[in-house]
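Dear colleague,

Please find below the structure that I am handing over to you. My findings follow it.

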Amino acid sequence: MDAMPRFLHLADVHLGFDRYDSKERTKDFYLAFEDALQKYAIDTQVDFVIIAGDLFEHRVIQPNILNQAKICFQMLKAAGIPAIAIEGNHDNRPYGTVTSWLKYLAEDELVILLEPDRVDDRIVYEPWDGIAGGYYDLPCGVRVLGSRWYGASAPRAILQLSEAMQALPPSPGHTVMLFHQGLEGQIARYQGALKYNDLLPLKEAGVDYLALGHIHKSYIEQGWIFNPGSTETNSVEEAKYDRGVFLVELSEQGIDAQLKQDYQQRRWVRLKLKARGQESLEQIQENAIELVQSAIRSKELNPDVRPMVELRIEGQVGFDRLDLDVRKLQQELQQLSNALIFLLKYEAESVEFASPIPEDASRTQIEQEIFTDLLTAHNHYKNRAPELAKGLIGLKEMQLEERSTSELYQFVEELLETSSNSG
């Protein structure tokens with residue numbers, strides 16, 4: 001009996017990822033791709049590899065990024081494993097342009113790029129002829145169908161694709177289709193995702209395994225829709241998602257798709273500091289440092305692997321929030337954690353005090369209350385707020401009288417001195 005067909009399903013590789021302007025981080029995406037191919041395609045000797053869109057981060061790529069792709073596909077070629085791909089929204093060629101870097105790799109015989117044709121506003125599937133085509137019947141008895149990036153017109157394209165499939169000769173066995181599109185309900189706030197029912201015509205037209213890309217989180221739906229997630233983490237929000245590559249075996253009993261994640265990926269660590277409004281500026285800084293030290297002690301954060309680290313400061317602070325030197329603290333925490341990139345998200349609000357002001361209050365009374373509230377919200381001045389507020393009104397009067405700067409400074413010095421003595 002013949003061995004069951006086995007393949008590796010990847011998506012959203014994003015070679016050339018440059019969001020954090022770090023050469024090291026860009027290289028991570030290449031190393032993840034290369035390691036996943038080595039471990040789960042070459043070492044396990046699969047029959048073929050599929051990439052369901054977004055091989056590249058950008059349409060226009062640097063020579064070194066093209067080189068990374070070539071190295072990986074040459075590895076597969078040397079192992080006799082065909083690589084089959086489609087374009088995603090990141091690497092698709094804009095309407096009216098004839099070529100793309102994926103097409104270049106296909107012409108270099110490193111990738112089989114599957115794209116259905118359009119004839120008189122209809123989608124048509126031609127067999128792969130060694131240069132181009134919409135579908136490919138592999139020697140292992142699997143048919144692989146391609147598609148393009150359809151964006152918002154995907155529901156209509158699905159109906160045309162399923163119609164085009166029905167005109168094809170019978171499949172040699174299982175039918176796998178590559179489609180770069182998201183499914184509704186998988187991640188929050190995602191616009192333009194397809195409903196499950198939108199995809200059903202593809203199942204009815206004979207697709208056994210719908211290989212999706214686009215959403216960077218792994219999911220399986222109803223035993224025939226599969227999305228492995230991106231090979232690396234593209235943003236801090238994605239750090240909590242499951243992701244990887246699917247190692248798939250097709251048999252008469254059905255589909256066995258295993259999510260593989262044990263390949264080179266950089267670790268993310270997410271920390272949170274809650275400010276309660278009572279802490280001084282120095283305490284907030286000390287607490288942030290202690291939080292990172294504690295994560296190192298508990299081995300959640302390992303400085304040796306140079307992780308990506310995010311620290312979020314949330315809640316309320318009892319001082320002007322702009323007094324915190326975020327850049328300096330971020331640099332300190334970066335050194336302490338040895339993070340490749342340390343993201344310090346400072347999202348705390350200043351404490352707001354609002355005293356009730358009577359409707360018939362005079363302008364001076366209103367000013368007095370507002371100054372008092374502002375001072376009370378500041379840890380350093382709250383005990384002296386009433387007398388300092390009066391002083392600020394005096395200072396404002398002096399400014400209106402156009403007193404000299406040196407007189408204003410002297411007034412403030414005396415005000416702070418007398419109020420601290422009385423405090």
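The model is predicted.

A second salt bridge joins Glu310 and Lys345, whose closest N and O atoms are 3.3 Å apart. Because Glu310 belongs to strand 16 (residues 308-317) and Lys345 to strand 17 (residues 341-346), the pair ties together parts that are 35 residues apart in sequence. Glu310 is buried, at 1% relative accessibility, whereas Lys345 is partly exposed at 25%. Through shared partners, salt bridges connect Arg270, Glu310, Arg312, Glu314, Lys345 and Glu347 into one network.

Arg6 forms a further salt bridge with Glu249, at 3.7 Å between the closest N and O atoms. This pair links strand 1 (residues 6-10) to strand 13 (residues 245-251), across 243 residues. In the whole structure, the search finds 17 salt bridges.

As to the surface, Ile366, Ile370 and Leu374 form a nonpolar patch with about 260 Å² of accessible area together. Ile366 is found in helix 8 (residues 363-376).

Overall, the chain has 10 helices and 18 strands. Its radius of gyration is 30 Å, well over the 22 Å that the globule rule gives for 423 residues, so the chain is more spread out than a compact globule. Of these residues, 48% count as buried.

With kind regards

Technical notes:
Residues numbered from 1 in each chain as written. Predicted model: local features only at pLDDT ≥ 70, side-chain atom pairs only at ≥ 80, totals over all residues. Heavy atoms only, no water. Patch = residues over 30% accessible without salt bridge, like charges linked within 9 Å, V, L, I, M, F, W, Y side chains within 5 Å. Areas by Shrake-Rupley, 256 points an atom, 1.4 Å probe, with all protein chains shown as cover. Salt bridge = Lys/Arg side-chain N within 4 Å of Asp/Glu carboxyl O. Helix = DSSP H or I, 4+ residues; strand = E, 2+ residues; numbered from the N terminus. Rg over C-alpha atoms; globule rule 2.2 N^0.38 Å. Buried < 20%, exposed > 50% of the residue type's maximum accessible area, 1.4 Å probe, protein only.
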